[in-house]
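Welcome, and thanks for taking a look at this structure. Please have the sequence and the 3D view at hand as you read.

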There are 2 protein chains.
Amino acid sequence: MMRTRPLKVALLGCGVVGSEVTRIMTTHADDLAARIGAPVELAGIAVRRPGRVREGVPAELVTTDATALVKRGDIDVVVEVIGGIEPARTLITTAFEHGASVVSANKALVAKDGAALHAAAQERGADLYYEAAVAGAIPLVRPLRESLAGDNINRVLGIVNGTTNFILDRMDTSGAGYSEALDEATALGYAEADPTADVEGFDAAAKAAILAGIAFHTRVTLDDVHREGITEVTGADIASAKRMGCTVKLLAICERAADGRSVTARVHPAMIPLTHPLASVREAYNAVFVEADAAGQLMFYGPGAGGSPTASAVLGDLVAACRNKLSGTAGPGESAYSRLPVSPMGQVVTRYHISLDVADKPGVLAQVATVFAEHGVSIDTVRQQGKDGEASLVVVTHRASDAALSATVETLRQLDTVRDVASIMRVEGE
Amino acid sequence: MMRTRPLKVALLGCGVVGSEVTRIMTTHADDLAARIGAPVELAGIAVRRPGRVREGVPAELVTTDATALVKRGDIDVVVEVIGGIEPARTLITTAFEHGASVVSANKALVAKDGAALHAAAQERGADLYYEAAVAGAIPLVRPLRESLAGDNINRVLGIVNGTTNFILDRMDTSGAGYSEALDEATALGYAEADPTADVEGFDAAAKAAILAGIAFHTRVTLDDVHREGITEVTGADIASAKRMGCTVKLLAICERAADGRSVTARVHPAMIPLTHPLASVREAYNAVFVEADAAGQLMFYGPGAGGSPTASAVLGDLVAACRNKLSGTAGPGESAYSRLPVSPMGQVVTRYHISLDVADKPGVLAQVATVFAEHGVSIDTVRQQGKDGEASLVVVTHRASDAALSATVETLRQLDTVRDVASIMRVEGE
């Protein structure tokens, strides 16, 4: 059954992931051929700086002209591991125009322009796969899109950024402050020189948009995702979480509203109970919970980043795209028929942990409790602690809308007796 | 793009899983149609005892003539949830002969005759999917077969039987003995009236065969899997495990040998450290670890059985089979090109925990240690405990082959000073 003309692959980008894709395609060529049903070969590798190409990458395949490579006309699959919006977007679109399928690891691009890219692929009967864009090697896109295609997904809750999980884990275990933990992450290669995309939650938000779109059969872009990073998480927050039997994690949360008529997607730090399986996800690992009507609760766990894990996901997609090429078909494309509205953050309902610095005098607790009551936010527990004429109040609420909580906090800030709203953190996973 | 002639599905079996498949196909018909690209309808439901059909199952679709149903000629996909070898095997084969694809939840049949069934499917260009045969709703077959198609899997280690996990969990947490825990499992519906398939490890062994076959691209049948159940696990074993910081789980373990040239598959109770993520898999849940060259360690977790979770897996496969029917193609079939030999249990290398009842006199430890040394089995730790002229010795070994360990135990049994080899348990997950 093996055909002899090899399938041709163009690789765009040859950094940590691209060089690992190259290595595996070279050393495991026989396995890949057997699994695909035809040999597959690297036809060209486009890089920006050929002088920087790593050892083991065949020099004769390297080019700086990515556009000419995707326009060659004999390319079956383009693997894009450049990242960022341009030139990746134009190159992928050009690849489709020239009949190639595309495997991409580009979360930012898919979260921004997934719909247009899917449309371009469908027009040409080509594939667009991007398992590597979400949580590295952990199979998530395919399970959500195919394994759960007959089920109704209500919630996706996960740790999808390894850098921030490493930092929060260090703050939790060693008592380090945010800056110190970030320095350690940088030194160990878990954080980039400019860590903004990770620590401000942009990376996780892109993944949340992709996961929400697939889970809810609805278009969700990066702009639809409420985003808060971890830069304001303090040692005091972590200590407060511990006192509650919780830990702090940066979570991506995609939810279908109880009435099923709208969805939300958000990324923010949150306290989760230590008994929740996500609480024990350490270092730079990722893990994602999926809740579906029939399946119940599923969890997927593994390394969320890194050259080899990401290459594993890319190669899985490459095998699928090549198989489809051989059989003259395409895998499942975009599924956005539900067209559910994405509600703003104000409509999200969850629990909150609020720390207030207040005057240490009688009646303050009553005053604060009245403000919560007036906004319809029900209090679960209050912990009061006095220190030198000042006192701190820690309030944990029952479930309330984000809008109601924001209004509550706004009013609290105006009270003379409330010196400072020291921190507000959501409580999830209960 | 939606075609109007519906795809027709024949359902074989309408017990817990079948009735849930029927319910979801009926109540979520619009969603399924949108995801498939065409409406899909139940054309017939074959049952043995029509009087026992559950509420909500359309009576007009029910037939006792399964053979006539699969022979109708207009069936696109046959869903088989009967279980057992016959008549399931003949019905599936007949379905292929009449042009249908098949979705099956039948682990016993796939583990026994997977190769023949795959060949029959391929001959007709049809699909054979069986995600539901392994670990219920947890996506495992598709991730192994497709997401990791570009990677090299070295090990699959998992809890794949909910009944035995429930029993062992109860023994661990409540101190119950095996019989008492089995009674509780039966009362709660976790164990069947005849629990043999679960407690003797047959169910887990079938799943191990399926997982090993897919993971190693090699044919592995039930007969290739070394199998030990949990009926001989005692409260003393659980207590010993606790003293070592371990718990006892029934594990399915599929491994590629270090040289890559052979594989093993086995199911047996084993001690695993409490720090291992599998140790915290409670009640009837399932979880599977997968170790691959590039991906690293992945874990998949969720409900391993039950009507709804199994139906979720069946429906995911049904959507895939229907999509393939529409596009006139078939998904990936059997991949067994590696043809690696399956080594016997004697060649498995792992660690062991051995409890001996010995005479309480000087020199016994030296004598026992000599036997281990003579068989090349290196001792990690020994714990000695005296009681009324008798003593117990607990030996934990370093890694050794099963054959060497068996020979060691054989010799120990012949020592006058060894009254009994009270238990032997493997230690995994380190």
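Predicted model: local features only at pLDDT ≥ 70, side-chain atom pairs only at ≥ 80, totals over all residues.

Residues are numbered from 1 along each chain as its sequence is written, chains are lettered from A and ligands numbered from 1 in the order in which they are written, and side-chain values use heavy atoms, with hydrogens and water left out.

**Cores**

- The largest nonpolar core holds 166 residues, and A:Val78, A:Ile167, B:Val78 and B:Ile167 have the most contacts inside it.
- A nonpolar core here is a set of buried Ala, Val, Leu, Ile, Met, Phe, Trp, Tyr and Cys residues joined through side-chain atoms within 4.5 Å; buried means under 20% relative accessible area, exposed over 50%, and partly exposed in between (1.4 Å probe, protein chains only).
- Leaving aside residues up to four places away in sequence, B:Ile167 touches B:Tyr178, B:Ala181, B:Leu182, B:Ala185, B:Val199 and B:Ile230 (contact means heavy atoms within 4.5 Å).
- A second, separate core has 35 residues, including B:Val21 and B:Ala311.

**Domains of chain A**

- Chain A is divided into domain 1 (7-136 + 307-327), domain 2 (141-302) and domain 3 (345-427), with bounds from an automatic or database domain assignment.
- The C-alpha centres of domain 1 and domain 3 of chain A lie 51 Å apart.

**Strand β10 of chain A**

- In β10(A), residues 263-273, eleven of eleven residues are buried; strands (E, at least two residues) and helices (H or I, at least four) are DSSP runs, numbered from the N terminus.
- A:Val263 and A:Val267 are among those pointing one way from β10(A), while A:Arg266 and A:His268 are among those pointing the other way.
- Strand β9(A), residues 246-256, runs antiparallel to β10(A) and is joined to it by eleven bridges; two strands pair if DSSP finds at least two bridges between them.
- A:Leu251 stands opposite A:His268, and in the hairpin of β9(A) and β10(A), A:Gly260 takes a positive phi near 75°.
- Strand β8(A), residues 226-227, is parallel to β10(A), with two bridges, and A:His226 has A:Arg266 as its bridge partner.
- Strand β17(A), residues 418-427, also pairs with β10(A) in the parallel sense over two bridges, where A:Met271 partners A:Val427.

**Helix α4 of chain B**

- In α4(B), residues 88-97, the buried residues include B:Leu91, B:Ala95 and B:Phe96.
- The buried residues of α4(B) pack against elements of chain B including β1 (7-12), β4 (77-80) and α5 (107-123).
- Just after α4(B), B:Gly99 takes a positive phi of about 85°.
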